[in-house]
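Let's take a friendly walk through a protein model. Have a look at the structure below, and then read on.

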Amino acid sequence: MALLTTSLYSSPFSIYQTSQRSVSKPPPRVPFSANTLKVGPFITSNAKPKFPPFLSFAAAENDFSSDPDQDSPRPISITDEWGERTEPEPEYPTVPDADPPKDEDEWEQDFGNGSAGTQAKDDKVEDLKRCLVDTVYGTDFGYRASTEVRAEVSELVNQLEALNPTAAPVDSKELLDGNWFLLYTAFSELLPLLAVGTLPLVKVENISQAIESSNLSIVNSTTLSSPFATFSFSASATFEVRSPSRIQVEFKEGTLKPPEIKPNVDLPENVDIFGQNINLSPLQQALNPLQDAVANISRTISGQSPVRVPIPGNRSRSWLLITYLDEDLRISRGDGGLFVLVREGSRLLNQ
């Protein structure tokens with residue numbers, strides 16, 4: 001008895017160890033009950049460990065029903081090592097999948113689905129094309145365009161390129177082939193040519209590009225007009241297809257056609273020279289008696305053969321990227337320049 005008492009005061013584990021040495025029989029089985037379930041250093045009926053367990057599944061006062069025959073026990077609360085109870089996390093209903101993607105363009109313009117959406121997209125493209133033509137009107141192919149006009153043209157071009165209806169422009173020969181008139185350009189190498197149109201009595205009538213996919217050829221033509229004659233010259237080239245939207249161009253030769261002398265000299269009444277308005281009516285009256293001589297000169301020169309000049313050097317090579325193409329309008333970018341062209345006979349030329 002003394003030994004047992006000493007052990008009780010010496011260590012909280014001693015009673016367990018002494019009991020194990022003194023009892024040869026295994027401990028009696030304790031009936032399972034929710035009120036006696038403890039996870040700790042040992043299991044015993046109605047006995048509490050002398051130190052806090054690391055984790056226990058405690059049956060609180062209201063955790064289980066006092067009726068052992070009840071079939072649906074209440075949920076078990078979990079107590080962590082610090083003695084704080086935690087409840088199981090609630091299960092939230094799953095969120096349904098997001099709405100299917102709509103038919104939206106790069107500029108977040110929702111056109112919807114079906115024929116109505118297609119019609120809305122076509123209307124937007126037509127509005128952009130008309131706005132582009134109106135914006136570049138009076139800029140002399142972009143030569144006189146202000147900074148604000150260039151910025152607006154760039155924005156309209158970007159929107160049209162995002163709505164390009166032709167995925168493979170180079171392969172669409174029925175749309176690509178034909179004669180195209182330059183409407184606007186930001187190509188710096190064309191500025192000297194466009195500057196000629198600012199001279200008195202000289203005008204850049206048109207700049208065009210003819211494409212023929214059957215023989216992979218391109219012809220760029222320019223026409224200058226004056227009260228006395230019309231001058232035309234061109235540059236012919238061949239191209240290679242590098243991608244569905246890109247071609248490599250190599251210019252071969254330039255052609256200078258004989259001037260077409262006008263049979264009648266028709267001078268404007270006034271011309272602006274270095275900021276001064278000059279009246280040309282006296283000059284017109286002086287030239288009227290020479291009309292017959294001018295007509296004879298015109299017939300003589302028109303019968304001459306054109307002059308052909310080869311185009312040598314590395315500058316004969318260029319590339320062209322077609323970023324927009326439909327039956328009326330073509331937008332291309334090449335060697336750092338922007339080109340907006342309209343097909344010959346298009347309604348856009350008459351608006």
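## The largest pocket

By class, 15 nonpolar, 10 polar and 5 charged residues line the largest pocket. Here Ala, Val, Leu, Ile, Met, Phe, Trp, Tyr, Cys and Pro count as nonpolar, Asp, Glu, Lys and Arg as charged, and the others, Gly among them, as polar. A pocket is an open set of points on a 1 Å grid over the protein atoms alone, where a 1.4 Å probe fits, with protein on both sides within 12 Å along at least five of seven lines; lining residues have an atom within 4 Å of a point.

## About the model

This is a predicted model, in which local features need pLDDT of at least 70 and side-chain atom pairs count only at pLDDT 80 or more, while totals for chains, interfaces and linings use all residues. Residues are numbered from 1 along each chain as its sequence is written, and side-chain values use heavy atoms, leaving out hydrogens and water.

## Salt bridges

How many salt bridges does a search of the whole structure find? The search finds 12, each being a side-chain nitrogen of Lys or Arg within 4 Å of a carboxyl oxygen of Asp or Glu.

One of them joins Glu126 and Lys129, with the closest N and O atoms 3.2 Å apart. These two are 3 residues apart in helix 3 (residues 114-136), so about one helical turn separates them; a helix is a DSSP run of H or I with at least four residues, numbered from the N terminus. Lys129 is buried, at 1% relative accessible area (buried means under 20%, exposed over 50%, partly exposed in between, with a 1.4 Å probe and protein chains only).
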